[in-house]
Amino acid sequence: MASSSSCPPPSPRPSRLLPVLVATVVLLGRGGEARQPAPLHGVVRSMAFDEGYTQLFGSGNLALRREGKRVHLALDESTGSGFASQDRFLHGFFSAAVKLPADYAAGVVVAFYLSNADVYEKTHDELDFEFLGNVRGREWRVQTNVYGNGSTGAGREERYDLPFDPTDDFHHYSILWTQHRIIFYVDETPIREVVRTEAMGAAFPSKPMSLYATIWDGSAWATLGGRYRANYKYAPFVAEFGDLVLHACPVNRIYHSAAAACGTPWYEPVAAALSGEQRASMSAFRRGHMSYSYCHDRRRYPVALSECDVAVLPRLFGPDGMKYGGDRRHRRGGRGRRSDVVM
C-alpha cells in the first residue's frame with residue numbers, strides 16, 4: 001500500500017457532528033473457533049451494522065446477514081465493495097473476524113485498515129492489514145503497513161505466511177493504535193509492534209482516521225507482480241466479516257479534535273505492557289512466518305529506517321528483504337503507488 005487507500009476512491013460519506021463519548025462497536029457473529037485478542041475480553045458490547053458503519057461502494061455487492069451481525073463483501077466483474085466507520089477516531093482498538101474467498105483468488109485484494117486519505121490527500125496516515133489472493137493451491141498472503149503524514153516514499157511493509165488456511169474459517173485481525181505505539185494481532189497473537197520514536201517524527205500516524213473494509217481487483221500487482229490476474233469465471237469472490245470492533249475515541253469532524261470525555265482509555269496500559277508470554281509469542285510468529293521485512297531490505301533502504309532493529313533475525317533475510325528459503329520469485333518491483341514490494 002502507498003499513498004492511496006486500499007480501495008478505489010471512496011464515495012462521500014455522511015457528515016455529522018460526533019457524539020462526545022467513547023464509541024464501542026462490535027458486530028458479534030459466530031466467527032469460528034478463533035479466539036479474540038486478549039484486549040477484547042469483557043470490554044465490548046454488540047451493535048448493529050447501521051449503528052456504526054456505512055456502505056462505502058459496491059451497490060448490491062454488500063450484504064448483511066444474521067440481523068446485521070455478519071457482513072459479506074463481494075467482488076465481481078462490475079465492481080468490488082466496501083464499508084467504512086461512520087466516525088473518525090484518534091487512537092483505539094479495531095478488530096474483525098475475517099473469512100477469505102476460497103479456490104482461485106489471484107488478483108483479489110481484501111483490506112481491513114485505518115486511513116484519513118479522504119481528508120489529508122497529500123499528508124495522510126494509514127494502518128493496514130492487506131490480504132493478497134493467490135492461484136489455486138497456493139496460500140493467501142497477508143501484509144501490514146504503516147504510513148504517517150504522507151510518508152509513502154518510505155513504506156514499512158511486512159509480509160507473513162499464515163499458520164492456518166484463512167479460507168477455512170474466521171480468524172481475528174486487530175490493530176491497537178495509541179499515541180505511543182501500534183500493535184497488530186492475528187487472533188490472540190501480537191505479530192508486530194511499532195514504537196513511536198523521536199526519529200520517526202511525523203511518520204508515526206497521529207491524525208484521526210476512519211476504519212475501512214474492502215474487496216477489490218488488484219490484478220495489476222497483487223499476485224506475483226501481476227503475473228496472475230483475477231479470473232471472473234470464479235466470481236463472485238466473497239469475503240465475510242464478523243466480530244467487528246471499534247473501541248476508540250471519536251473526533252469532531254469539524255475541529256478534528258478528540259472528545260474530552262475519552263480520558264485515559266483501557267487500551268493504553270494494554271499497549272504499554274505486553275506480557276513476557278505475549279512477546280515470546282510475537283517473536284516466535286515473526287521468526288516462523290514473516291516472509292518479507294522492510295527493515296532487512298538493503299536494496300530498497302541501504303540504510304535501515306530509524307525504528308528498525310537490524311540485529312533481530314538478520315540471518316533469515318536476503319538483501320531484498322525476502323526470507324531465505326521462501327519463494328524468491330516474490331521480489332521487489334513496480335507496484336506503482338500501492339507498494340514497492342511485489343507479491
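**View 1. The whole chain of the predicted model.** Of the 343 residues in the chain, 59% count as buried, where buried means under 20% relative accessible area with a 1.4 Å probe and protein chains only. The secondary structure comes to three helices and 19 strands, taken as DSSP runs of at least four residues for helices (H or I) and at least two for strands (E), numbered from the N terminus. Residues are numbered from 1 along each chain as its sequence is written, and side-chain values use heavy atoms, with hydrogens and water left out. Because this is a predicted model, local features need pLDDT of at least 70 and side-chain atom pairs count only at pLDDT 80 or more, whereas totals for chains, interfaces and linings use all residues.

**View 2. Strand E16 and its neighbours.** All eight residues of E16 (290-297) are buried. Strand E10 (residues 158-161) runs antiparallel to E16 and is joined to E16 by three bridges, with Arg159 having Tyr292 as its bridge partner. E16 also pairs in the antiparallel sense with strand E17 (residues 320-322) over two bridges, and here Asp297 stands opposite Asp320; pairing requires that DSSP finds at least two bridges between two strands.

**View 3. The lining of the largest pocket.** Among the 21 residues that line the largest pocket, Glu158, Glu193, Arg286, Asp309 and Val312 lie nearest its centre. A pocket is an open set of 1 Å grid points where a 1.4 Å probe fits, with protein on both sides within 12 Å along at least five of seven lines, and lining residues have an atom within 4 Å of a point. Strand E13 (189-195), helix H3 (276-289) and strand E16 each supply at least two lining residues.

Notes:
Buried means under 20% relative accessible area, exposed over 50%, partly exposed in between (1.4 Å probe, protein chains only).
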